[in-house]
Amino acid sequence: MVVESTPGFETQDLLINVGPQHPSTHGVFRMVLEVDGEIVKDLVPHIGYLHRGAEKLCENNDFRQGVGYMDRTEYLASHNAELSYVMAVEALAELEVPERAQWIRMILCELNRLSSHFMFLGAFGVDVGVFGTPFIYAWREREAIIDLFEEISGDRMMYAYFRAGGLAWEVPGNFEERVREVLVSTRQGMKDFDNLLTRNEIFLARTKNVGIISAEDAVELGMSGPTLRASGVSLDIRKAEPYMYYDQIDFDVPVGTNGDVFDRYLVRLKEMEQSVHIIEQCLARLDDGPIMPERMPRMLRLPEDQEIYVRTEAPRGEYGIYLVSKGGNKPWRLKVRSACLSNLQALKKMSVGQYVADAIIILGSIDIVLSEVDR
Amino acid sequence: MRGIVKSLATTMSTFIRGPVTRGYPSKHRELPERDRAFPLLLWDKDIDEPFCTGCHACERACPVECMTVLMKDNPSHESQDGNSKRRKIVDEFWIDYGRCMRCNICVEVCNFEAIAMNNTWSGHETSVYDRSDLVMDLPQLMAQSKSDEIQEWVAD
Ligand code: SF4
Ligand code: SF4
């Protein structure tokens with residue numbers, strides 16, 4: 001497109017390719033920017049570089065094997081991804097999950113939300129240009145949580161710890177003590193971030209009133225999670241449709257006002273405080289008991305001609321599983337509703353009219369995980 | 001300006017905190033006992049043969065189909081004047097570490113507690129120059145249990 005400026009003087013829009021291996025992008029993501037000077041006029045996201053056919057693979061795997069693939073769809077919050085999957089299977093199989101298993105699941109999911117948000121804070125700091133400082137601080141706190149996960153499940157990222165019916169094995173004896181320890185360092189980390197970024201004038205200048213999306217647009221685009229709540233829509237599935245024991249827990253849903261990049265940062269930081277609060281309440285309610293229902297069949301089979309959609313609040317928004325069963329020990333169809341894919345749709349709306357440098361921050365503020373987008 | 005000063009103060013305060021970095025690879029941190037690297041076969045020291053009977057249960061349950069098991073009649077079974085109660089025993093066993101997704105399912109399904117996840121550093125540091133070197137055969141899978149290098153952890 002040719003834009004006329006001074007008579008007799010022609011300017012031309014420039015196409016810039018960002019990614020798929022650009023260090024500032026999150027995962028293998030490519031976007032093509034059309035820029036006029038420094039202003040973004042159009043943005044076309046290209047996804048699919050990380051497509052592995054996880055849904056189809058799950059259709060060839062039984063319900064225990066499928067858990068491992070769920071980990072890999074959402075590798076920064078694997079517990080949350082596993083949760084949706086096992087909840088869908090449990091609902092169809094009409095399994096009653098023991099209380100202890102539910103509380104442990106809640107603790108692990110909230111811890112995973114913390115570790116995932118730390119990851120966001122760190123990566124976002126780098127996007128904004130604060131170089132390594134916040135990234136390394138975030139890593140330090142995340143490491144404590146990941147170490148705990150390793151002590152429980154044996155793996156640092158792909159936990160494969162939830163099973164339809166409960167948990168794969170009992171948590172170690174010092175579980176409560178260790179969670180409390182981790183919460184102390186997490187609190188300190190959150191305070192550090194608050195001091196480091198929230199009122200830092202340079203940070204504010206870069207993030208305030210950048211990449212605004214209105215509440216109406218956010219809802220229209222099907223956004224969810226902190227990215228939606230930053231626009232002022234108070235929708236949290238943990239509150240709106242409580243699953244597990246979230247209805248017995250007292251917590252707030254932080255919402256933003258502006259829907260800009262700064263709000264998306266702040267909502268996440270505030271959400272972490274709530275997560276710590278939730279974990280403390282869960283620890284107080286944790287009791288001895290079984291972690292698997294009695295009389296579990298060796299091979300779980302689902303009834304014929306049933307379908308279900310289960311959604312949970314993952315760190316990035318609504319992580320849903322649509323499961324169709326035609327009997328047998330495998331799903332007939334499995335669909336993952338990815339929060340990141342829907343959130344990513346807003347990228348164009350947020351970025352058009354902004355500076356090129358801000359497009360990277362805006363992408364960072366959506367906090368996408370490409371393996372979840374592409375599956 | 002005050003915000004920047006405050007954030008600098010946060011950075012400064014870390015000067016008096018201890019370091020959190022670990023000197024990998026010259027120093028290895030201690031791994032928790034549940035740590036899951038790749039699966040290994042276990043050696044029955046009392047009878048001097050593998051625990052594995054070659055029953056194929058793990059092979060069938062593996063999500064990525066990275067295991068191959070062959071079974072044979074046990075030459076040291078009681079009926080052959082041996083001291084073993086295992087009528088059948090593993091003949092050949094391959095696990096392709098390049099495909100294994102370390103899900104622990106093989107350990108869960110084994111009825112003979114014959115397989116365990118490697119919870120030592122040797123299981124994590126497996127870089128090779130050729131991908132085919134990651135296909136482990138029976139002696140390789142058995143070596144660490146034979147020499148008592150791993151203390152296996154199996155969930156009950
Ligand atoms: S490791 Fe266990 S499950 Fe696998 S073949 Fe041997 S005995 Fe059977
Ligand atoms: S850990 Fe999982 S993927 Fe690896 S060999 Fe065992 S069952 Fe297969």
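Let's start with the buried area between the two chains. Chain A and chain B bury about 2,700 Å² between them. Of that, 45% lies on carbon and sulfur atoms. On the chain A side, three residues stand out: Arg64(A), Gln65(A) and Trp169(A). Together they supply 20% of the area that chain A buries against chain B, more than any other three residues. Keep in mind that this is a predicted model.

How many residues does each chain bring to the contact? Chain A brings 36 residues, and chain B brings 33 residues.

Between chain A and chain B we count nine salt bridges. One pairs Arg102(B) with Asp155(A), and the closest N and O atoms are 3.0 Å apart. Side chains of opposite charge can pair when their charged atoms come close. There are also 17 residue pairs in polar contact between the chains, both residues being at pLDDT 80 or more.

Which elements of chain A give two or more residues to this side? Helix 2 (63–73), helix 5 (133–153), helix 6 (175–198) and helix 7 (201–207). Helix 5 of chain A gives the most, with nine residues. By class, the chain A side divides into 12 nonpolar, nine polar and 15 charged residues.

Next, the chains one at a time. Chain A has 15 helices and 10 strands. Its C-alpha atoms fill a box of roughly 85 × 45 × 35 Å along the principal axes.

Inside chain A, look at Arg105(A) and Glu90(A). Their side chains meet in a salt bridge, 2.7 Å from N to O. The pair links distant parts of the chain, 15 residues apart. Arg105(A) is in helix 4 (residues 99–128), and Glu90(A) is in helix 3 (residues 78–93). Over all chains, the search finds 41 salt bridges.

Chain B is another story. Its radius of gyration is 22 Å, but a compact globule of 156 residues would have one near 15 Å. The box of its C-alpha atoms is roughly 85 × 30 × 30 Å. Chain B has four helices and seven strands. From the N terminus, the order is α-β-β-β-α-β-β-α-β-β-α.

Two backbone points in chain B. Most residues other than glycine have a negative phi, and most peptide bonds are trans. Tyr24(B) and Pro25(B) are joined by a cis peptide bond, with omega about 5 degrees. Pro25(B) sits in the loop between helix 1 (2–13) and strand 1 (39–41). Asp48(B) is not a glycine, yet it has a positive phi of about 65 degrees. Asp48(B) lies in the loop between strand 2 (43–44) and strand 3 (49–50).

Ligand 2 has 13 residues around it. Cys62(B), Cys100(B), Met101(B), Cys103(B) and Cys106(B) come nearest. By class, the ligand 2 shell has 11 nonpolar, one polar and one charged residues.

Notes:
Residues are numbered from 1 along each chain as its sequence is written. Chains are lettered from A and ligands numbered from 1 in the order in which they are written. This is a predicted model: local features need pLDDT of at least 70, side-chain atom pairs count only at pLDDT 80 or more; totals for chains, interfaces and linings use all residues. Side-chain values use heavy atoms; hydrogens and water are left out. Contact means heavy atoms within 4.5 Å. Buried area is the accessible area (1.4 Å probe) that two parts lose on being put together, summed over both. A salt bridge is a side-chain nitrogen of Lys or Arg within 4 Å of a carboxyl oxygen of Asp or Glu. A polar contact is a pair of N or O atoms within 3.5 Å; within protein, one must be able to donate a hydrogen and the other to accept it, and residues adjacent in sequence count only if both atoms are side-chain atoms. Ala, Val, Leu, Ile, Met, Phe, Trp, Tyr, Cys and Pro count as nonpolar, Asp, Glu, Lys and Arg as charged, and the others, Gly among them, as polar. A residue is near a molecule or strand if one of its heavy atoms lies within 4 Å of it. The radius of gyration is taken over C-alpha atoms; the globule rule is 2.2 Å times the number of residues to the power 0.38.
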